[in-house]
Amino acid sequence: MKTLIKINAWVLVLGAILTIINNPLGPFVFFYTCVIGLIDGIKQNNFNSILVNSALGAMNTYYIIIFLKELF
């Protein structure tokens with residue numbers, strides 16, 4: 001699981017880069033990292049991790065919905 005968390009950190013950097021360049025895939029990548037962080041927080045029973053990743057996941061879900069509404 002530690003390797004997945006390390007990879008997740010690099011994917012998080014990719015999401016930040018995509019967001020900075022206004023690429024619409026940014027929220028999708030951030031959502032993926034939130035899900036991995038949420039699963040890790042649940043496994044470790046870490047309330048703060050669960051709370052933060054849930055909040056960020058909800059925010060990115062909103063931006064994904066906005067993107068999909070504009071797409072269709």
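This is a predicted model: local features need pLDDT of at least 70, side-chain atom pairs count only at pLDDT 80 or more; totals for chains, interfaces and linings use all residues.
Along the sequence the chain reads α-α-α. Numbering starts from 1 along each chain, and side-chain values use heavy atoms, without hydrogens or water.

Start with the whole chain. Its C-alpha atoms fill a box of roughly 40 × 20 × 15 Å along the principal axes. Of the 72 residues, 25% are buried (under 20% relative accessible area, 1.4 Å probe, protein chains only).

Next, select H2, residues 26–44, and H3, residues 47–71. Their axes, lines fitted to C-alpha atoms over the stretch in contact, come within 8 Å and cross at roughly 155°. H2 is therefore roughly antiparallel to H3 (an angle over 145 degrees between N-to-C directions).

Now show the side chains between them. Contact here means heavy atoms within 4.5 Å. From H2, pick residues including Phe 30, Phe 31, Gly 37 and Leu 38. From H3, pick residues including Ile 50, Gly 57, Tyr 63 and Phe 67. The contact of H2 with H3 divides into 13 nonpolar, 9 polar and no charged residues.

Finish at Lys 43, in H2. Lys 43 is exposed, at 63% relative accessible area (the cut-off is over 50%).

Methods. Helices (H or I, at least four residues) and strands (E, at least two) are DSSP runs, numbered from the N terminus. Axes are lines fitted to C-alpha atoms, for helices over the stretch in contact, and angles run from 0 to 180 degrees between N-to-C directions. Angles under 35 degrees count as roughly parallel, over 145 as roughly antiparallel, 65 to 115 as roughly perpendicular and the rest as oblique. Ala, Val, Leu, Ile, Met, Phe, Trp, Tyr, Cys and Pro count as nonpolar, Asp, Glu, Lys and Arg as charged, and the others, Gly among them, as polar.
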